[in-house]
Amino acid sequence: MKKPKKLRSRKAGMPPGTLVAIGEAKTAEAGITLLDFGPEALVESRLPEMRDLAHYRQQHACLWANIYGLRDPVELSAIGTAFGLHPLMLEDILNTNQRQKAESYGDYLYLVLHRYEVGAAPVCLVQDQISLVIGKGLLLCFQERPSKTFEPIRERLRKSNAVLRSAGMDMLAYSLIDSVVDSYFAVIEQLDEHAERLELEILGRPGPTVLEQIHQFRRCVSQLRRNLHPLRELLGGLGREHAHYFGSEIQLYLRDVYDHTVHILESLDDLRDLATSLLDVHLTTSSHRVNLELRALTVVATIFMPATLIAGIFGMNFRSMPWLDLPAGFFYATGLMLTIAVVMVALFWRRR
Amino acid sequence: MKKPKKLRSRKAGMPPGTLVAIGEAKTAEAGITLLDFGPEALVESRLPEMRDLAHYRQQHACLWANIYGLRDPVELSAIGTAFGLHPLMLEDILNTNQRQKAESYGDYLYLVLHRYEVGAAPVCLVQDQISLVIGKGLLLCFQERPSKTFEPIRERLRKSNAVLRSAGMDMLAYSLIDSVVDSYFAVIEQLDEHAERLELEILGRPGPTVLEQIHQFRRCVSQLRRNLHPLRELLGGLGREHAHYFGSEIQLYLRDVYDHTVHILESLDDLRDLATSLLDVHLTTSSHRVNLELRALTVVATIFMPATLIAGIFGMNFRSMPWLDLPAGFFYATGLMLTIAVVMVALFWRRR
Amino acid sequence: MKKPKKLRSRKAGMPPGTLVAIGEAKTAEAGITLLDFGPEALVESRLPEMRDLAHYRQQHACLWANIYGLRDPVELSAIGTAFGLHPLMLEDILNTNQRQKAESYGDYLYLVLHRYEVGAAPVCLVQDQISLVIGKGLLLCFQERPSKTFEPIRERLRKSNAVLRSAGMDMLAYSLIDSVVDSYFAVIEQLDEHAERLELEILGRPGPTVLEQIHQFRRCVSQLRRNLHPLRELLGGLGREHAHYFGSEIQLYLRDVYDHTVHILESLDDLRDLATSLLDVHLTTSSHRVNLELRALTVVATIFMPATLIAGIFGMNFRSMPWLDLPAGFFYATGLMLTIAVVMVALFWRRR
Amino acid sequence: MKKPKKLRSRKAGMPPGTLVAIGEAKTAEAGITLLDFGPEALVESRLPEMRDLAHYRQQHACLWANIYGLRDPVELSAIGTAFGLHPLMLEDILNTNQRQKAESYGDYLYLVLHRYEVGAAPVCLVQDQISLVIGKGLLLCFQERPSKTFEPIRERLRKSNAVLRSAGMDMLAYSLIDSVVDSYFAVIEQLDEHAERLELEILGRPGPTVLEQIHQFRRCVSQLRRNLHPLRELLGGLGREHAHYFGSEIQLYLRDVYDHTVHILESLDDLRDLATSLLDVHLTTSSHRVNLELRALTVVATIFMPATLIAGIFGMNFRSMPWLDLPAGFFYATGLMLTIAVVMVALFWRRR
Amino acid sequence: MKKPKKLRSRKAGMPPGTLVAIGEAKTAEAGITLLDFGPEALVESRLPEMRDLAHYRQQHACLWANIYGLRDPVELSAIGTAFGLHPLMLEDILNTNQRQKAESYGDYLYLVLHRYEVGAAPVCLVQDQISLVIGKGLLLCFQERPSKTFEPIRERLRKSNAVLRSAGMDMLAYSLIDSVVDSYFAVIEQLDEHAERLELEILGRPGPTVLEQIHQFRRCVSQLRRNLHPLRELLGGLGREHAHYFGSEIQLYLRDVYDHTVHILESLDDLRDLATSLLDVHLTTSSHRVNLELRALTVVATIFMPATLIAGIFGMNFRSMPWLDLPAGFFYATGLMLTIAVVMVALFWRRR
C-alpha cells in the first residue's frame, strides 16, 4: 500500500559527498526539458537521455534546464562534473528529505525549496523538493516529478517581447521562487475551506470521523508551519548573505516575496489556533452530550421507579391491605403514581 | 449567502506588478472625495469619474484624495501613472488581503493599515484595508468602502483656523494613522463587554450557544492580536527607517500612537487569557453538572430499588411466608421500605 | 451597580493633547496637599481651590504637591500652563487607563505608575493610577483618590533631622517609587494567602463557588503580571535613558527596586502556575467524583437487580412452580437473593 | 502549626537600608564558627557572642566566618560597621526571601545563594538563604541555620597540606558555591526517585492521594526551576562583570559550575514535562475507569431488566394468560429470560 | 532488576578534578583498540592492559585510540598524565551523565557526544556517552561500551587508497561526529514508525497499554529534544570558537552536519506535536465511548422501565381492575408495553 521509503539512516558512516538516492521515488521515468533563450530567440527542447545534458551546447544567453525524477547517482554525477557542481550539492539534490535552504558555492547559488499540494480526504500534504542551481546564464531546476507550477513562467518566456527574456537569470530565478511561494497560498486556501467545513460539522452534528479529521488537519498545519520557518530564513538570507546574486530591482521583489512568507506564516498561526479551538469545542460538546444523555436517563428513572414501587406495593400478598377492596382503589393507586411522577419531574425541572 | 472571495492563489506565476483585484468587493460603487487645502482656504469636492483624478489640478498647498471601492485595474493604473506610483504599490492597493506594512518608494511613503468593526452576533470582525500614499503635499487614501472613521479629521480641517491646515502633510498623515489606531479601542471595548456578558452567562446558566460564542470570541481576539503585531512593527518603523517623512514634533506624537498599540496588545492578551479561562470554566462546570446529574440518579436508585425489592418479596406466591397473615403486616413491610431508604440516603449524605 | 466608565474610544479623531477625562471617577471631591520643605524647615498645607496651585509661591528648596481626584480639564490645563507641562503629559494624567511608563519632557520626567489593592471576595484588584512629574525642586503627584500609601514618607519628612529633607528631589521621587513597588508585595502576600485557602478547599471538599474563585484568582494574577512588565521596563529605563534625573547613589537604590520587580514577577509566575495546577486538580477531582458516584450506582444496581428478578420470578402466577409449596421455600428464595448479591459484590470488589 | 512568617510588606515606605528581619526564623539560637587559616596553620574557633566578631583580630592570611541564625538588626549592624559593609547588603542578609544574585560593593562581592532540601511526604522543598560576602582575606557566610553542606570543605581545610589553604580566598569562595550547586543534584535525584514512584503508582493502581502528590511534585519542580534561572544568571555574571574577584584558573572552574546549572535546568525541564505527562495520564486513566464502570452497569442492566420484565408479565393477574397452566410454563418463562440475557450480552460484546 | 546508578550527588564538596566514576557501568570489561595510520600504512592493534596506552610508541602520522568501558580512576589518571590531559577533562570522561559540549584545553579539543539506541517495548532510549579528545596526530575516543557505530569509518581507513588516511586528524574527527549525528536519523525513523503504529491503534481499537505507550513515547521524544539543543550548540561552536582545530574544507562539512541537527530537531518537534495530538485524540475518543455506553444504557432503561411498570400495575391485587377479566386483556397489556417502548425509542432517535 505504502511505497517503501529510502531512509536517511542508510547513509550513516559514509564519506561526505557520497551519492545515494534518499526518499520516495515519486515518478516512474525521469526527463529533461530545456529552455534556451535570449532577448530575441527561444529554443524549447526535450532531451531523450539524461547524459545528453552534459554535452548540450548552449545557443543563447540563458539556459533553463528542468530535470525531473532523477534518482540515478551515476547520471547526476555526470551532470555535476559537466557543470562543476560541488559534491555536497549533488548529495542534497538526491536526498529529497532535505530542509529548505540557500547555500553559496562560489559561482553557483544552490536553493532547496518545497512545493506542497493538498492530498485527498482525510486531508494530507504531498511534498515535492525543488532544487535550484543558479549560475551565470544557467539555471538548473531539479524536481521530484513533472508539475504545472512553472508553466505560467514558461508561457511568459514564450512571448516574443517578454521582459523576462532580457531581464537576466536573477529575474528568472526570482520568478521561480515567487511561483513556489505563491503555490503556498493555494494550499492555505484549501486548508481554510477544509477548516470551515470542519467547523460547521463540529458545531452542527459531528460524524464519527471528525476527530480523525481534526487530527489530520492539525498535522498538516503543523507540518507546513515547521517548513515555513526555513523558507522565511532562506528568503531573508537571499537579501543578505547571497545578495550579490541578485540585482537591486530583484532585491525589491524578493523583499516582497519575503513579506508573503510572513503573511502565510500568520495565516498558519490562525489555522493552528483554529484547530486547537475546534478540538476544545469538540471535547466540550462531547461532554455536553454525556450530560444530556444522563439527564434523559435520570428523567426516565425518576418517572418510572416510584410508579413501579407503588405497583409492587399493591401487588404484595398481605391478607389485610388498605385500598384493595375499594372499587376505585385501582384508580387511587395509578393516580398516586402519576402524581409522584409529575411532582418529581417538576422538582428536577426547577432545580435546573 | 457568502460573497465569493477573489483568492490570492489566482496570481501564482504572474509577473510582479500585475494588477488583479484580490479579496471581497465590499461596496457596489467606487468614488473619490477631494480635500484641497492650504493655511487659508479649503476646497472640498467629489469627482464624478475615477480617471478625473489623474487630470486634477491642485489649487492649494495640500491635497488629500480619499478613494473608496476602487477595484478596476485600468483606472488604478491611470492614477498610478499620473502620480508616478510604483507597480508593486498599486498591486498591494488592489490586493485587500494585504499585511499591514510601511514601505518607502523614494518620494512616497506607502502604508497599509487595517480598520476593524465588530459585526453582529455571534461576534465577528469586519476588516477594511486602508492604503495611504504619503508624498509632498499629497495624500492618497484608498479605502475598501466609505466609512465615518476620518470624518472628525475632515471636521477639524473645515474649521478656518485649524492647526491641521497649516501643519503640513505629515501632521495629516499622523492624524489618519491615529484615528485608525483609536478605532481599535472601540473594538476592544466592544469585545470587553461581550466577554463580560459571556462570563455572566457561563457562571450563571449557560445556554446552548455559549460554546460557539466562546469559540467565535477566541477567533476574534486571536485574529486581532495577529494583526496588531504588524501594526506595532509598522509604527516602530515610522520612527526609525521612515523617520525622514515626519517632523520631530510628529515623531513625538507617533511614539504616543506606538504606545497605544502596545496598550491594545496587552488588552488583547488579557482578553485571550480570559477566553481560555472561560472555556476551562465552562468545561469544568459541564463536568460538575454530570456529577450532579449522576448524584440525582444514584439517590433515586438508592431510594427506590430496595423498596421495590421488598415489595417484590412480599409479592411472591410462596405458601408459607412470614408477616403475610399479620393484620399489621402491610405496615411492617412499608415501614421497612421507608427505614431502608432513609438509612441509605443518610449513608450517602455522610460520605459526602 | 457599576459606575459608568468613560471610555477611551471617545477620543478617536481628536487632535493630540485634547484634554478629556477617561476612566472611572473614584472619588467625589478633588484636593491638593502641599509639602514645601528644605533642609531646615517644612510647611504642610492644604489648598482650598485647585487653581491656587498655579499661583502658589514656593518658600523652601523643594515642593511636593499631591493632587488627588482631579478630573476637570480646565483646572488641569491651568496647572499645566503655570508649570509649563507638555499637553501630551496632561492628556495622560487625565486618561486613567494609561500604561505604566516613563517619559522625558526636557526639564521634567513624567512617570505613570499603578498602585493595587486587593478587593473583597470574590478576589479582585482595584487599580489606581499615580502620575509623577519630577522636576528641579518640584514634584507633582497626581492620584485618582486619596490614599495612605505615601503617609510613611510624609512622616519621615516631618522629622526635623530627616535625611530625606536635604537629599534632593531625586531621593524623594525614589522613595515614592519604592513605596509603590513595595505595595505590590502586600498584594502578592494577600494573593498568596488566598491561594493557600483555595488549595485547602480544593483538596478537601470544594464548595460550589470554588470554580469562580479560581477563575477570578487567575484573572487577578494575569492582570497583575501584565502590568508588571511595563513597570520593570520603566524601572530599567530610569537607570538608562532617564539616568541624568537621578544621582549615582539613587541609581544604586533604583537598581534595588528593579530587582524587587523581578522578584515580584517571579512570585506571580509561581502564582500563575499554581492557579493552573489548581484548576487541573479541580477538574481531575471532579472526574474522580463522577467515578465514585458511578461506582455507588453500580453497586446498588448489582445488589438489588438480581434480587428483584428473583422476587419477580417467584411472584409469577404459573400453576406449577418449584419451591412454592415447600415450607422453607421463602427462605430458600431470600437466601438465593442474598447469595447472589454477595457473590456479585465480591466479584466487583476483586476486579478493583 | 505553621510558624508565623515575617512578611516583606512590613517594609513598605521605610528608608533604604533599614534593617528588619523578614522571613521565618528557622533556628532558635544564632552562632558563629571561625576558620582562621594560612598556608601553614589553621585555627578553628566558636565565638560565644555575636558582637565578638567585630573585635576579632585576624591571625592568619584568611578568615572564614560562618554566621548562622542571625536575626538581630543591632548585632548585624555592629558587624556591618566593623567590616565596612554597605547598608543595602545588610538589609538583604536579614531579608531571607531574597532572590539569588551577585552584587559588587567595591572591595566586597556579595552573593545570595539558596540551598534546598527535600522535605517529608507529601514532597516539598525547604529553602535556606546563604549570603556570601567575599573580600580580600575575608569570607563571611551568613546561613539561616547550621547545616552540613560545607563540612567537606572544612575537612579539606583541616588537612595540613591542603591546596585550599594556600589557594586564596577566591578558591574557597568557588568551593562554597560549587558545593551549593552540587547540593541541587541531590535534590534532583530525590525528585527523580519520587517521580518514578509516582509513575508506577499512576500506571498501576493509583491511591486517593496521588493527585495531591502530583500537584505537590509540580509545585516543587516549578519552584526549583524558577530559582535556577537567577542562579545561572549569577554564575554567568561571575565570569563577566565580577570576573576581577576570581583568578583565571578559578574562572575555568566557575565555567564548569555554570555548565552544571545548565544541566540541572535541563533535568528540571524533563521533570516538569514528566509531571505534566503524569497528570494527563492520570486524567485519561480516570476517564477510562468511568468507562469500565459504566460498562459494568450497562451489562448488569441489560441482563436483569428484560428478565425482570418477563417475570412481571407472568405475575400479572389476567384471567386468561398463555403458558400459565402449562406444566412446563415456569421453565418456558425462565428459559426465555436466560435466552434474552444471553442474546443481549452477545450483542454488546460484538459491538465492542 | 535495575542496575544501581552511581549518583552525581556523591561528588558534592569534593575538590575540582577529583576522579570518581559516576553513572551506570554498561559493560563488564574495558578495552582499547588502536588504529595507528599514515598516508601509506595502517596498524590495527588491541592493547591487553589499559596502562599500556601510556607507553605506546606511535609509528605513523596519526593515532586513533578507542577506549571503551573505562571506569577505573587510577588507569584514567595514568593515561591523562601520559598525554597531558587537564583534570577537569578526565573528570568529565568518568562522569557519564555529562551534557554534550565542546571545550578547548590548549592543544586539545574535548567533545562530549551522546549516541542513542531505541530500546525494546515499551519504547525507551539507551544513551551512551562518547568523549572525543582531539589533538595533533592524536584522537582519543572514550566510549561506555563497544559499539558498531564507528565500524564504517574503520572500514574506510583500512582501504589502502583511503582519502581519510591522508586527510588529517580533523577529517577523522569530523567523520566520527558525522556518524554520531547520522545515528540520530535511525532513532528518528524508529520513533516515526512507532508513532505510526500508535496512531493506527488509537484511531482503531486502542488496547489497555496504549496510554502507557503514548506516555513513554512522549518521554523519549522529550528526552531526545532536550539533548539535541546542546548538540546543535556544540556544532555551532565548532565553526566559531573552536574553528582553528578544523581546516576550511572540514568547516564546510561541519556546517552540513549542523544543518542535519536542525533538521533532526524539526523532526522531533513534529513528533512531539504528534504525541500531544495523539493524547488529545485518545482522551476525546475515550469520552466519546462514555457517551456511547451511556446511550446504550439509556435505551435499555427507556425500553424496559415503562414495560415493567405496566406489568407491575396489572400484577396489583385490587379487587376491581380494568381489563383483567377480558379474554384479550393480556394482549392489550403487552401491546401497550410494546407501543410505549417503540414510541420512546422513536423519540430518542429523533432528538439525535
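Predicted model: local features only at pLDDT ≥ 70, side-chain atom pairs only at ≥ 80, totals over all residues.
Let's start with the strands of chain C. Strand β1, residues 31–37, pairs with strand β2, residues 42–47, in the antiparallel sense, and the pairing runs over 6 bridges. To get from β1(C) to β2(C), the chain goes through a hairpin of 4 residues.

β1(C) also pairs with strand β3, residues 62–68 of chain C, again antiparallel, this time over 7 bridges. There you can find C:F37 standing opposite C:C62 of β3(C).

Next, how do the chains relate to one another? Take chain D, turn it by 72° with a shift of 0.0 Å along the axis, and it can be laid on chain C with an RMSD of 0.2 Å. That is the relation of a five-fold axis. Within chain D, the C-alpha nearest this axis belongs to D:G315, at 4.5 Å. The copies use different surfaces, with 19% of the contact residues of chain D recurring in chain C.

Finally, let's visit chains E and A. Here 48 residues of chain E are in contact with 47 residues of chain A. On the side of chain E that touches chain A, the elements giving two or more residues are α4 (151–158), α6 (169–203) and α8 (248–313). Which of them gives the largest share? That would be α8(E), with 31 residues. Sorted by class, this side of chain E has 20 nonpolar, 16 polar and 12 charged residues.

Technical notes
Residues numbered from 1 in each chain as written. Chains lettered and ligands numbered in written order. Least-squares fit on C-alpha atoms with pLDDT ≥ 70 in both. Contact = placed C-beta atoms within 7 Å. Nonpolar A, V, L, I, M, F, W, Y, C, P; charged D, E, K, R; others polar. Pairing = 2+ DSSP bridges.
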